[in-house]
Amino acid sequence: MSKRPILWLALAVLAFLIAGADAGLAQTDNATGAPAQQNASNATMQRNFSTPKEFRIERSLTPQAVACIECHRQETPGIFADWAASRHASSNISCIDCHLAQPNDVDIAKKHEQYYDKPEMPFGERKYFAPIATVVTPKDCSRCHPDEAQQYAKSKHANTLEIIWKIDPWLNDGMNSEIERKSGCYACHGTIVALDENGEINKDTWPNVGVGRINLDGSLGSCTSCHTRHRFSTAEARMPEACDQCHLGPDHPQIEIFEESKHGTIYHAYKDEYNFKAAPGTWTAGVDYRAPTCAACHMSGASTVMTTHDVTERLSWELQAPLTVRPSDFAALPADTNWKTERDKMKKICYQCHSNAWTDDHYAMLDKVVNEYNETYFKPAKQMLDELYEKKLLDKAKFFDEHVEVRFYELWHHEGRRARMGTAMMAPDYAWWHGFYELKHHYNQYMEEARHLVETNKKAYEYPDFPAATGNTTKPAVIFGPKK
């Protein structure tokens, strides 16, 4: 029997089954009001694209958050524009996420609350009310950035107010006025934020974004010192210009030193090619930048060295101290680090672009410079100062009111720092001409004046009308406890 009729019969049955299935689908579609053609289109989509998620999680903005944004869009367009261009905005993090205060917080902005009782305002209704704090602190930021806040709290940046109150005669002897401190010292080092008798932020302590600001919630510092508000950019903080707000001038000219160094030269020549917007923890030498910035050496991660917001890490000397010591021996704020471990970390940063020999030789030179400064300049000068005090040729009651004291201060605070820091950051002009060259001449002049006092047994001239020496000399209780 021929197999051909059987084959044709099988094909006919298959065609009937397919037609029946299509008819059933069409009846179902017609029964629900959806055309069969749409189902066919959906079937095509499912073949070409992945299946959509069964549910979605969307973070929307609350009416209060929308009110903040729309009001500030009109009242402070610069703030709004900065925020709108930020990573915060793209993640739906709004004003209220950072500024929202708890009902029992002491720093609730009382004047801001009054806007919700003004019906003439676009959002002048109580339903939009949210208690807000003007000052956003590292404690607020720690809700999303806990590691960064914890690292920062240990750093010399965060604790700089304690440091200067321990070592700086300008504060301890009251040799400058409160307004000189606020406009100068505290702008970088930070104020102690306080409230006035009306519960508003005291104008003597605000505005301020100093790195060591002491906040009403007890936290230390201000993240906006480096990540300026309201864009809070990681890219900005990676640039040396973020550091030059404070690290410049005759006493700590790190930015000038960087500009002179080969690192600074390459940065300025190729910075347009730098990828400052690389994701946190991924910024890589040779990939994202050709030569390091301040952040690349002191904060960014590389190899097995983790990113840190504690700038005390990776340091093997305290170069800003009067007598150069290891970080763990810095009496004003002893670091909980081992200098050898931290030097090895910094060397790993260097090894991204330099050989072992280059890096090791650089550190050998730095160690010799430190030794020369300590032994040849600082120790003999300090010994002479102590002798003058012992023989009562200088008055210990105040500092800076006798010329010899000013000379001694500038030896370590100005020329001595420039010699050491210029060497550490590879800027020979600062190491020599701005450093050791000036240190030699000022040392000689200091010793000549001091020896003359000893030889003649004549007390040093004391300035009778030292200007604006009116600053409060009481150490802050919030740092040192109540005065005993």
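View 1. Cys353 is partly exposed at 46% relative accessibility, where buried means under 20% relative accessible area, exposed over 50%, and partly exposed in between (1.4 Å probe, protein chains only). This is a predicted model, in which local features need pLDDT of at least 70 and side-chain atom pairs count only at pLDDT 80 or more, while totals for chains, interfaces and linings use all residues. Residues are numbered from 1 along each chain as its sequence is written, and side-chain values use heavy atoms, with hydrogens and water left out.

**View 2. The disulfide of Cys188 and Cys246.** A search of the whole structure turns up 1 disulfide. Here the sulfur atoms of Cys188 and Cys246 are 2.3 Å apart. The torsion about their S-S bond is about -100 degrees, so this disulfide is left-handed. Cys188 belongs to helix α12 and Cys246 to the loop between α13 (234–238) and α14 (254–260), so the pair ties together parts 58 residues apart in sequence. Helices are DSSP runs (H or I, at least four residues), numbered from the N terminus. Both ends are partly exposed: Cys188 at 22% and Cys246 at 24%. Cys68, by contrast, is in no disulfide; the nearest cysteine sulfur, that of Cys95, is 5.0 Å away.

**View 3. Two aromatic pairs.** Searching the whole structure gives 24 aromatic pairs. Rings of Phe, Tyr and Trp (its six-membered ring) pair if their centres lie within 6.5 Å; planes under 30 degrees apart count as stacked, over 60 as edge-to-face and the rest as tilted. The ring centres of Phe408 and Tyr446 are 6.1 Å apart and the planes meet at 40 degrees, so this pair is tilted. Phe408 sits in helix α19 (residues 403–424) and Tyr446 in helix α20 (residues 428–456), so the contact ties together parts 38 residues apart in sequence. Phe408 is buried at 6% relative accessible area, and Tyr446 is buried at 0%. Trp432 and Tyr437 make an edge-to-face pair, 6.0 Å centre to centre with 65 degrees between the planes.

**View 4. Arginines over rings.** The charged end of Arg326 sits over the ring of Trp317, 3.5 Å from its centre. Arg126 places its charged end over the ring of Phe129, 4.6 Å from the centre. To count, NZ of Lys or CZ of Arg must be within 6 Å of the ring centre and within 35 degrees of the ring normal.

Methods
Helix = DSSP H or I, 4+ residues; strand = E, 2+ residues; numbered from the N terminus. Disulfide = S-S within 2.5 Å.
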